[in-house]
Amino acid sequence: MELLNTLVDKGLRRELPTREEALAVLATSDDELLDVVAAAGKVRRQWFGRRVKLNYLVNLKSGLCPEDCSYCSQRLGSKAEILKYTWLKPDDASKAAAAGVAGGAKRVCLVASGRGPTDKDVDRVSETISAIKEQNEGVEVCACLGLLSDGQAGRLRAAGADAYNHNLNTSEATYGDICTTHDFSDRVSTVQQAQSAGMSACSGLIAGMGESDADLVDVVFALRELDPDSVPVNFLIPFEGTPLAKEWNLTPQRALRILAMVRFVCPDIEVRLAGGREVHLRSMQPLALHLVNSIFLGDYLTSEGQAGKDDLAMIADAGFEVEGTDTTTLPEHRRQDCGEAAAEESADAEGGTEELAATVAAPSDDTRRDLVSVRRRGAGTDLPPNA
């Protein structure tokens with residue numbers, strides 16, 4: 001396909017595709033899927049080789065959020081039967097993080113439900129960051145605490161936070177359809193505050209909420225304009241008890257096309273396969289490693305993920321390798337002082353189209369609610385975490 005040749009050439013030059021080209025990727029057929037994956041895989045390998053960065057989530061405070069984000073099991077009015085608990089103590093949070101690091105995670109992501117942190121909350125998280133860094137040499141820490149107030153980003157950075165996550169989630173035009181308690185510009189502002197404070201920005205999207213192809217392209221182009229270092233791609237987990245519980249409109253093929261589109265628009269940015277991969281990609285998860293260079297290890301905030309040992313086996317079986325703390329994730333031209341090791345490695349470009357031995361599964365019309373498993377272990381429980 002001439003389209004794919006053009007997109008590969010642009011990706012290798014770090015040139016932004018047009019909106020029409022991005023839309024065309026989403027419109028490709030299932031018969032063309034492996035060609036799309038192979039093309040995007042060339043771009044992925046140019047900038048990141050065959051490395052996979054592992055990230056580990058620690059949910060510091062679960063449930064009871066005053067915001068009304070329709071996709072979230074922790075939202076105001078949610079009837080999802082998730083774990084609910086207030087702030088973990090710094091030592092408990094550090095122990096939870098250590099399990100992820102022991103499993104191979106290079107970055108620990110500290111997340112708390114709520115509109116945004118109070119100054120006391122920032123102090124509490126700062127203690128947690130210090131505890132994690134003291135006990136885990138070389139680990140990166142990313143905070144995700146909601147909307148930031150003036151000065152809070154700087155305080156988190158001073159405490160040792162390497163990155164801050166705040167997703168745009170969907171297009172500006174449709175943001176009001178999923179949330180009414182804050183708007184798209186609030187999210188953009190928080191990402192910019194994090195960048196201004198010297199933290200690495202992490203901002204991504206959620207696919208599968210009933211959005212159009214144009215909405216997906218719009219949010220990815222908005223992200224590219226913000227220029228984060230990491231773009232997590234989440235696939236909606238339709239929790240029972242939330243307004244989007246019936247939104248089962250993704251197939252593994254659709255999910256792969258979305259990831260490929262993101263890689264073409266963000267060729268040299270860390271693209272992270274995030275929440276919902278097990279639910280929507282299922283047995284096709286290994287193919288996604290040809291598109292992304294980063295995944296979450298183990299469980300998510302309120303849902304259980306694939307067993308950590310299975311994540312590691314999947315990476316090895318697919319011919320990839322776990323990225324160590326002694327390796328810098330980003331290509332040299334994108335590197336910032338964001339807590340990464342000072343290693344001067346860069347991925348070698350690979351030529352040719354890779355053979356992808358996979359069978360494209362036919363989409364199912366069955367609603368698979370059995371695929372959503374609420375987290376009952378790890379942070380906030382007495383059971384060991386999945387890492």
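Which residues lie nearest the centre of the second largest cavity? In this predicted model, where local features need pLDDT of at least 70 and side-chain atom pairs count only at pLDDT 80 or more, totals for chains, interfaces and linings use all residues. Residues are numbered from 1 along each chain as its sequence is written, and side-chain values use heavy atoms, with hydrogens and water left out.

The answer is Tyr56, Leu57, Arg375, Gly378 and Ala379, out of 14 lining residues. Here a cavity is a set of points, on a 1 Å grid over the protein atoms alone, where a 1.4 Å probe fits but cannot get out, and lining residues have an atom within 4 Å of a point. The space inside comes to about 100 Å³, a volume being the space filled by probe spheres set on the points, which are joined across faces, edges and corners. Strand S1 (residues 51–61) gives the most to this lining, with 4 residues; strands are DSSP runs of E, at least two residues, numbered from the N terminus.

Strands S2 (107–112), S3 (140–144) and S7 (230–235) each put in at least two residues.

Elsewhere, the charged end of Arg50 sits over the ring of Phe320, 4.5 Å from its centre; the rule asks for CZ of Arg or NZ of Lys within 6 Å of the ring centre and within 35 degrees of the ring normal.

Technical notes. On a 1 Å grid over the protein atoms alone, a cavity is a set of points where a 1.4 Å probe fits but cannot get out, and a pocket is an open set with protein on both sides within 12 Å along at least five of seven lines; lining residues have an atom within 4 Å of a point.
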